[in-house]
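Trainee: I would like to learn how to read a helix packing. Please take me through one example.

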Amino acid sequence: MAVAGANFDVMNDETRLERRLDRLIEHAVNPRKAAVVIATVTTVITVLAGWLMTIVDHTGFPSLGSGMWWAVQTVTTVGYGDHVPETDAGQILAAAVMLLGIGFITVITASITGAFVARSRREQHLEGPEPAATGDLREIIERLERIEAALVPKASSD
């Protein structure tokens, strides 16, 4: 019975995370706001990772500045290698930050792009074809019908 409760909590957490992501994406109604959302998420991940690294691996990252420098390199996937975590906890944190930098930020960016594409398609669908395009299409259909009529052999009266 405890396992079922644990699964329910995990599903609840996923739902909360999905709702938060949806709210973030809803704020990205135009390219400028989308850039703000992406920059905010990236900055939060970077600052949090830099701060955590100074706590987790204080020997390798004695100051907040060194932790932030490492976090910027890691989140942006530049990875100069001048600062690397030395403890197991630091390496685990580094792996998590790498996955967040590659995966989470990419997913947010792709989701925002997908929302723009979907909205654009809806707007195009609501507007419908332009009247000139409809008239051109009718002309093409009429010409094709005349061509087909000319190509079909007439029934011979034998």
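Mentor: Start with the axes of α2 (residues 31-56) and α3 (residues 64-75): they come within 7 Å and cross at roughly 135 degrees. Axes are lines fitted to C-alpha atoms, for helices over the stretch in contact, and angles run from 0 to 180 degrees between N-to-C directions. Helices are DSSP runs (H or I, at least four residues), numbered from the N terminus. This is a predicted model: local features need pLDDT of at least 70, side-chain atom pairs count only at pLDDT 80 or more, and totals for chains, interfaces and linings use all residues. Residues are numbered from 1 along each chain as its sequence is written, and side-chain values use heavy atoms, without hydrogens and water.

Trainee: Is α2 oblique or parallel to α3?

Mentor: Angles under 35 degrees count as roughly parallel, over 145 as roughly antiparallel, 65 to 115 as roughly perpendicular and the rest as oblique. Therefore α2 is oblique to α3.

Trainee: What residues of α2 and α3 meet?

Mentor: Contact means heavy atoms within 4.5 Å. In α2, they include T42, T46 and M53; in α3, they include L64, M68 and V75.

Trainee: Is T46 buried or exposed?

Mentor: Buried means under 20% relative accessible area, exposed over 50%, partly exposed in between (1.4 Å probe, protein chains only). T46 has 10%, so T46 is buried. Leaving out residues up to four places away in sequence, T46 touches M68, A71, V72 and V75.

Technical notes: Helix = DSSP H or I, 4+ residues; strand = E, 2+ residues; numbered from the N terminus.
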